[in-house]
Amino acid sequence: MNSSKRTWILVGGLLLLVGLVVLPFLVKNFRVFQFNMVMVYAIAILGLNILTGYNGQISLGHGAFYAIGAYVAAMLMAYGAWPFWLTLPVAALVCFVFGYLMGFPALRLGGHYLALATFALALAIPQLLKYKAIEGWTGGVMGIVLNKPEPPFEFSMFGQPLSQDRWLYFVILATLLLMFLIAWRLLRGRVGRALIAIRDHPIAAAAMGINLPVYKSLTFGVSAAFTGVAGALGAVTVAFVSPDSFTVFLSITLLVGVVVGGLATIHGAIFGALFIQFVPHWAEDISKSAPWAIYGVFLILLMYLMPTGAAGLIDRVLARFKGSAPAANPSGPSASAAAPASTHPAGGKL
């Protein structure tokens with residue numbers, strides 16, 4: 001990369017950062033809340049994309065990890081008076097353990113078998129959170145009400161004060177940048193190449209000395225940790241958690257975000273999060289009687305116009321402006337990017 005190109009990238013990055021800092025003071029509190037949820041969903045989608053896009057393990061249960069992260073943060077804040085920022089690493093650690101344990105069944109399952117196993121997890125967690133033996137901690141069906149953190153100082157810009165939602169915006173933005181940096185460093189090195197090798201050619205990967213059980217289990221754990229951080233941030237942003245907030249539909253929505261944003265892409269998580277946050281509202285504005293039909297039409301059109309997701313389309317457009325064909329991306333989505341080589345459990349045994 002020559003110096004002029006590096007300079008342009010640096011200038012563009014600084015301008016983008018300034019725009020993100022100023023943005024919450026240009027809109028009302030509700031719009032800031034929506035932007036907060038976009039960033040929260042982006043972290044969760046990135047975690048799921050590490051598992052599905054890069055490692056080829058399909059999960060329909062990441063809403064469960066989101067719920068676990070949210071409840072860990074909520075209980076620590078409500079019963080332990082912990083500061084919200086300190087609950088994030090704890091939520092990540094707890095979800096990593098749960099995800100790592102979930103990774104063991106993944107060693108024997110693949111394709112739709114693994115999808116059904118994780119789907120069962122997404123069904124079970126909301127019911128377990130209502131269990132009477134632990135409702136003293138989880139709040140049962142009533143959930144837990146939280147207080148949003150107050151800004152540590154007073155500040156205003158363009159006549160807009162630094163409110164609770166705007167303060168959370170900056171905290172979530174910093175967490176988002178950190179999580180994206182971690183994912184970028186993780187996936188652009190040896191670990192990322194190993195995950196892609198396992199996804200595309202597991203037998204060849206094992207022959208090259210890659211430890212499939214370790215990598216698959218750790219990938220599940222890391223993916224769950226990312227989603228748990230998102231859940232903790234989501235709990236603070238909404239200031240409320242309840243079992244009915246984490247239905248199976250949340251897991252499906254996160255998977256939709258991964259596909260719309262682009263499989264095996266890091267920046268695609270942003271576009272996927274924008275889609276799942278704003279398109280349902282637009283669909284409801286278009287038709288109050290059948291908003292999900294409109295949502296389905298949007299989804300079908302996007303899949304037809306952007307078969308590789310929003311990130312893939314943007315990469316192709318940028319490559320065309322540069323006057324060259326887009327380079328083959330070894331980690332990019334393919335027809336089998338979201339599925340392992342076999343649709344049967346390992347060893348071919350049903």
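Let's start with Arg-199: with a relative accessibility of 2%, this residue counts as buried (buried is under 20% relative accessible area, exposed is over 50%, and partly exposed is in between, using a 1.4 Å probe and protein chains only). The side chains of Arg-199 and Asp-200 meet in a salt bridge, 2.8 Å from N to O; the term means a side-chain nitrogen of Lys or Arg within 4 Å of a carboxyl oxygen of Asp or Glu.

Before going on, keep in mind that this is a predicted model, where local features need pLDDT of at least 70, side-chain atom pairs count only at pLDDT 80 or more, and totals for chains, interfaces and linings use all residues. Residues are numbered from 1 along each chain as its sequence is written, and side-chain values use heavy atoms, with hydrogens and water left out.

How many salt bridges does a search of the whole structure find? It finds three. Another of them joins Asp-165 and Lys-148, whose closest N and O atoms are 2.6 Å apart. This pair links distant parts of the chain, 17 residues apart: Asp-165 belongs to helix 7, while Lys-148 is in the loop between strand 1 and strand 2. (Helices, H or I with at least four residues, and strands, E with at least two, are DSSP runs numbered from the N terminus.) Both Asp-165 and Lys-148 are buried.

Then there is Asp-244, which meets Lys-130 in a salt bridge of 3.1 Å, N to O. Asp-244 lies in the loop between strand 4 and helix 11 and Lys-130 in the loop between helix 5 and helix 6, so the pair ties together parts 114 residues apart in sequence. Lys-130 is partly exposed, at 25% relative accessibility.
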